[in-house]
Amino acid sequence: MCPRLTPASPAPTPSSRRRTALWRALPFLLPNLLGFLIFTFLPVLACFALSLTDYRLAPIAGFRDLAEQIEFVALDNFARLLGWHREDGLLVANDPEFWRYLGNTLFLMLGIPLSIAGSLLLALLLNQRLRGITIFRTIYFLPTVCSAVAVVIVWKWIFHSQPNEVGLLNSLLMGLGIPNPPDWLGSMAWAKPAFIIMTLWASVGGYNCVLYLAGLQSIPQELYEAADLDGAGPWARLRHITWPMLSPTTFFVVTMSIIAGLQGSFLFTAAFLMTGGGPAGATTTLMLYIYNYAISWHQLGYAAAVAVVLFSLVFTFTLINWRYGQRLVHYR
Amino acid sequence: MISSSAKRRHALLTVIAYLALSAVGATMILPLAWMISTSLKAPAYAVEFPPRWIPSEPATVQIDARECKLAEWTSRPGFSVAVLRYSPDGALVQVIAPPARAGERLTLPEDQLRTTREISFHWENYAEAWRARGVRVREAFFGLAKRVDGFLVFYLNSIIVTICITIGTVFTSSLAAFAFARLRFPGRDSIFLGYLATLMVPAIVMMLPVYALLSNLRLTNTYAALILPPMFSAYGTFLLRQFFMTIPQELEDAAVIDGASPFAVYRHIILPLSKPALATLTTFVFLHSWNDFLWPLMVVDRLALKTLPIGLAHFQDSYTTDYHLLMAASVIVMLPVLIVFIIGQRYFVRGIALSGMKG
C-alpha cells in the first residue's frame, strides 16, 4: 500500500481506527451483503445440509411442521444416487436414472466443441475488413437475445413431424429427396441430435463469437506484418500467430461453455417445453432431474443431493482446467 | 504496386467471405422468418406441405371452366354446387342440384382444381393470441385489474420484475463493489473471497433452499419471490469491483483532501467514471431477468403473476396445435427485445468484450 496523503494529526489507536473504518464501510456493504448472505451464500451451505436429509416439502406446510418433514439421513441420498448393489450377480446402480441423465447431459455437451469451432470460424470471417459486417454480427447474435421459450417453441414447430403435418425441416429434407426423414423429437435416436442442432443455432454466433472477435481485434497488427516479411502464408499465420494469440480467449470460452453446459439452462427450457424430457427420458438432463425431484415430486432432500453432485462436477472440472488447461495458454 | 492477379485473388476471397457470411446469416434468420410467416397465416393454412413462406390462400377456384370466388355458385345443366370452404386438401363444395343429391358435400381435391392464391396477412392472429381465453387473468395487480388479457399481465409483470431486479442489482452491487474496491475495513478480503467462492456454484444449488424457505414462509406466488432472490448474485459485485479497482487512486485522494465523504467519492468520482461497466452490468442483468425461465417457473404458478417466458409456456400448453397463434404469441414476446437489441447492439457487444477481458 502506498502511503496516503493525509494531514498530520495525532495517530488514533489501531483498534479505534479499525472500528471507524468498518462503521464507514457498512452502509455501502450492508444492502448487498445481507441479500447475498440470505439468497446466495447461506443457501449454498443449506443445500449441502439439505442433501443429508430426506426433506419432503408438504404443500401447505409452514415452519411449525418442519421437524416432522425433515429427517437426518446422513449420506443415504448419496448412497442411493451414486452407489450400486448386486442383483443376480450383476452390479446394478441404485439409481440408474441418474447415470442415464448424467450420460444425456454429457452427450448433449458434444455440441460444445462444434459450437466453439463455429464461433471461431465466424469471428475470423467477421474480422475481415468488409462492408456491412455489423449487420452480419447483429444477425448472428439475434438468437442469444431472443427469449429461450420463444426459440424453443419455434424449433418445436420446425422439428415437427407427423404423417399429416410436416414441419419445416422435414419438408426441406423431403424436398432434397429424403423420403423418410426422422421423427426428430419423437424418436430415441434423433431427439438428442435435434437438441444439439438447435443449441448450435442458438449459440454459434453468441457470446463466444463476440469474445473471439474481441480477441482477434486485440492481436497486434505488427505480428502479421512481420510474418508477411518472412513470407508466411495464410495457414501459417493462422497456425502460428492467430491461434496462439487467441489461446487466453479459448481458455475462457471453453471453461465458461463447459460450466454452462453442465448446468444447461437452455437445454432445460428445451426439454421442459419440447419433449418433457422424453421420449423415454432421452432428453432429460440433470437439471430437469433436479427440477422434477424438487418441484414435481417435492423431494427436496434428494434434489439437493443431485445438485451437490452437479456442483462437484463443475468444481472438479474447473480445478482440472486451472491445473492443466492453463499450460496450453500462451500469455503475452 | 499491387499486381492485378493479387487484386483478383483478393476480390475472389471477398466474394467467398460474403457468401459464407450470408449463408450463415440466412440460417440464423430462417427460423425467425418462419415464425413470423406462420404467425400471419390463416389457421387452415398454417400447416401446409410443401411449406409456403409467404402467407397466402386460395381466392378462386376453377370449377367447370369458371373462376368461382368463395361461397359463389356455379352450375351447369342439371348440376350446381356452392363453394363452401378451401382447405389445403381442396375445396369443400355443397351440391345444390339435382335435388336428389342436394345438401351432399364433396371435397374436390386440389390437384384436380385450378386455384389462384392470394397473399393475405392475418394480422388478427396477434389480437387473438393477445386476447386468448386460455390465458385470460381473472384478477391481477392486487385486485386493481379484473378480467385482463393474459399477455398484458405478463408484459407488465416482466417490466415490473425486470426493472426492480436491474435497479436493485446495479445499485446495491455498485455500493458493495465500492466498499470492496476503495475502502479498507477489517475482514474485507475474506468477505470478498466468500463472494468469489459462490461464482462457480450452479444457480440451482442456491435455488433449492431459497425455494424451500419461500414455500415455508408462504411467499411463493409473490412479486418479492420473483424479485429479491435474483438480485444478489455475486456476479454484479465482482464485475464492478474489478472495474472500480482500475480507477486511479489520485482522483479519490484529491477529493478526500477537499473533505469529500466516501459517499461523495462514490457518487461523484467512481460512478461517473464507470459508465461502461455499469452499462454492461445493466444490459446483462436486464436481458437475463427478462428472459429468465427457471426461477419464475419454480416460485410462481398463479397466472396473474407470470412473467412473459412462463406466460408463453403456459400459452403453449393451452394452444399446442394452433401454430398460427403460438407463433404470433412468440413474436409478441420476442419483438420488443429484438428491437431494443438492434438499436443498442453496438453498446451491448462492447459490453461482452469488456466482460471477457478479465478472463
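**Exercise 1. The hairpin**

Which residue takes a positive phi in the hairpin of E8(B) and E9(B), and how many residues lie between the strands?

*Solution.* Work on the predicted model. Start with the strands. Strand E8 covers residues 137-140 of chain B, and strand E9 covers residues 145-148 of chain B. They pair in the antiparallel sense, over three bridges. Next, look across the pair: Glu139(B) stands opposite Lys146(B) in E9(B). Now go to the turn. Four residues sit between the strands. Phe141(B) has the positive phi, near 55°.

**Exercise 2. Two packed helices**

How do helix H7 and helix H10 of chain B pack: at what angle, and how far apart are their axes?

*Solution.* Two numbers describe packed helices: the angle between their axes and the distance between the axes. Find helix H7 (residues 234-245) of chain B and helix H10 (residues 275-291) of chain B. Their angle is about 165°, and their axes are 10 Å apart. Angles over 145 degrees count as roughly antiparallel, so H7(B) is roughly antiparallel to H10(B). The crossing is right-handed.

Then list the residues that meet. H7(B) brings Gly236(B), Leu239(B), Leu240(B) and Phe243(B). H10(B) brings Ala277(B), Leu281(B) and Val285(B). Sort them by class: six are nonpolar, one is polar and none is charged.

**Exercise 3. Where the chains touch**

How many residues of chain B are in contact with chain A?

*Solution.* Count each side. Chain B has 82 residues in contact with 81 residues of chain A. Which helix gives the largest share of the chain B side? Helix H1 (residues 4-39) of chain B does, with 15 residues. Finish with the classes. The chain B side has 61 nonpolar, 18 polar and three charged residues.

Methods. Residues are numbered from 1 along each chain as its sequence is written. Chains are lettered from A and ligands numbered from 1 in the order in which they are written. This is a predicted model: local features need pLDDT of at least 70, side-chain atom pairs count only at pLDDT 80 or more; totals for chains, interfaces and linings use all residues. Two residues are in contact if their C-beta atoms, placed from the backbone, lie within 7 Å. Ala, Val, Leu, Ile, Met, Phe, Trp, Tyr, Cys and Pro count as nonpolar, Asp, Glu, Lys and Arg as charged, and the others, Gly among them, as polar. Axes are lines fitted to C-alpha atoms, for helices over the stretch in contact, and angles run from 0 to 180 degrees between N-to-C directions. Angles under 35 degrees count as roughly parallel, over 145 as roughly antiparallel, 65 to 115 as roughly perpendicular and the rest as oblique. A crossing is left-handed if the near helix is turned anticlockwise from the far one by less than a right angle, and right-handed if clockwise. Two strands pair if DSSP finds at least two bridges between them.
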